[in-house]
There are 2 protein chains.
Amino acid sequence: MSGPTIYDVATAAQVATSTVSRAFSQPGRVSADTRERILAVAAELGYRPNPHARALLSGKHHTVAMVVSDITNPHYFDLIRGAELRARVSEYTLLLVNAEESPRVEWEQIQRLSPAVDGFVLAASRLPDENLQQVAAQRPVVLMSRELPGLASVVLDHVEGCRQIVAHLASLGHRDVLYLSGPRNSWMAATRWAALRAAAEQVGISARRLGPFTPKVSQGGAAADGAVNAGATAVVAHNDLLAIGVMQRLAQRGLRVPEDVSVVGFDDIFAADVCSPGLTTLGGAHVDVGRAAVELLLTAGVRAPDDQPRVLLPTELVLRASTGPCR
Amino acid sequence: MSGPTIYDVATAAQVATSTVSRAFSQPGRVSADTRERILAVAAELGYRPNPHARALLSGKHHTVAMVVSDITNPHYFDLIRGAELRARVSEYTLLLVNAEESPRVEWEQIQRLSPAVDGFVLAASRLPDENLQQVAAQRPVVLMSRELPGLASVVLDHVEGCRQIVAHLASLGHRDVLYLSGPRNSWMAATRWAALRAAAEQVGISARRLGPFTPKVSQGGAAADGAVNAGATAVVAHNDLLAIGVMQRLAQRGLRVPEDVSVVGFDDIFAADVCSPGLTTLGGAHVDVGRAAVELLLTAGVRAPDDQPRVLLPTELVLRASTGPCR
DNA sequence: CACCCCGAGGCAATGGGTTGCCACATTGTT
DNA sequence: AACAATGTGGCAACCCATTGCCTCGGGGTG
């Protein structure tokens, strides 16, 4: 069933298994021609080391698990891709796990995988702080799009990004921004609201909040109605999906974007570019977030537990047609 | 570093390791109170079996690898999700691998993972037939969106789907369809073209082909120009990304969709619903494709090599605003 | 009371690769 | 010429869970 083992190679090459093992892992430890003979035999037999057997003794699995809270959100694609790319450079396997927006599923999967991976990258984890700390006690952990003191994290600089959003809207004459908030247990939602409010205060305009909303297109209707009812001239939605839903509902109610209402999203997903009108949104190099997170994880061993880095990556406000002068 | 082992549990519960093992896997084999004691101790210690050690002896890894040719294509999301859901039901781990559109990368990753997984699900594999057969000789394989005699596969019924597309266009008065083809080595592209041509012949209209094109938005421009030059009234693009690119370019050149040209895509990705005009596209239950593929893989052991099923799932033509009466 | 059967638990081999330690041979040192 | 240093390869324990086989003791049968 399975391929040849190190024993088969050893027999065929007339050496001990230990010699075969060293021929691969410690090239200097065996003589040149012995090594050559072993490699030739191994190639001929199609030998490939069994990762399980290796992991059993060394405790190193050469595998990192990435847990995403909802794999259907297009925003994660770039994160996944970046993580995958970085993992492959080091010949690590990336195990992708979908938490289906459920903290329970997320927790169970992490517990199940814990003995089999070298660490976890958690994207927008929905777990409460205590659980994150428990995980971190077992295995190295890097958070994406979330922060927690004592844990390594990679996030886009939303403080600066929200300042850009507010400055943009203010320069268009808006005196008020309405944030359509994300889920209650989302760290991101809290962070964005705080940053928007601070930025608004700084430039002297008002900031209000509505929600929470599940950040999906389908929730955009309710969010849009709330925004209209609140008399908003500019809304900032928790993410692009929600923003697109908002725009759909506004169009349905006969309101024009951006003439009547300006709309801003977060993430710069592909659909933000093709929807109509094009969505102004706060993007960033999400591939680099994924890359940086795995990078931190792979170098986690050399850092002290109380020296966990917080990596902040720059955002980029992508201007499209959904924002315009205040009516 | 790592968690407690079965030895720790055995010591703490004053029994042999074999008894602990059996307490978990063969409940009837140990007495009720011994079992209870062991489970209590294990829970207290936070014991979880090491999957590697288990896999080493049994040869079963409880892991399937899913290889996608390009993870940035939104079309794969549902496939991934379906595969993930089905795998989790059986407590299998889904290993997601991105081939980056490179047959070489795809091949290397498969070879590397082969000793560590129970089988492969290959989504729109770019590997040549011979390589697929080699993989299948090592491990159970299920293809998605591709067929090869002798290998299990799950695909949407494109023959019927293309008939629906052609019937739809013909009923709008179109006497000609132009297929904007996908990559040269894509099985899907060949299949769609053959099905379109057959369907066109059946209803008595003409079918032409242009391409190949890399199925990305950026390639839509060239495809659109070619279509205009060919005087097409109805184009069928290899997938939604290409179709969206085509529509962007048509708009840029002042041509109206669908008044001047009707456009049809494949896959029904999220963006097809939000772009403007909405894209008529051939969708289907992609989640079920993913689900069925893993299902086949998990039951692969019980089938003879010459009895590999071809699963055909229904398509659904989603009508939106991008198709209309022939000018 | 002798014998058998059955339930319950332990011993030890197993899987595939890694690594500390030892053995042997060759070459160099005094 | 006797001995040390260095280079190569082998032996065997180890990682952790599983499982075939054995043992021991209690209850039932004749």
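I looked up helix 1 (residues 6–13) of chain B and helix 3 (residues 32–45) of chain B, whose axes come within 9 Å and cross at roughly 125°; axes are lines fitted to C-alpha atoms, for helices over the stretch in contact, with angles from 0 to 180 degrees between N-to-C directions, and helices (H or I, at least four residues) and strands (E, at least two) are DSSP runs numbered from the N terminus. The model is predicted, so I note that local features need pLDDT of at least 70 and side-chain atom pairs pLDDT 80 or more, while totals for chains, interfaces and linings use all residues. Residues are numbered from 1 along each chain as written, chains are lettered from A and ligands numbered from 1 in written order, and side-chain values use heavy atoms, without hydrogens and water.

For the contact (heavy atoms within 4.5 Å), I listed Asp8(B), Val9(B), Ala12(B) and Ala13(B) in helix 1 of chain B against Arg37(B), Ile38(B), Val41(B), Ala42(B) and Leu45(B) in helix 3 of chain B.

Phe24(B) and Tyr47(B) form a tilted pair, 5.7 Å centre to centre with 45° between the planes. Phe24(B) lies in helix 2 (residues 17–25) of chain B and Tyr47(B) in the loop between helix 3 and helix 4 (51–58) of chain B, so the pair ties together parts 23 residues apart in sequence.

I also noted that the rings of Tyr179(B) and Trp193(B) have centres 6.3 Å apart and planes at 10°, so this pair is stacked.

Methods:
Phe/Tyr/Trp six-rings, centres within 6.5 Å; stacked < 30°, edge-to-face > 60°.
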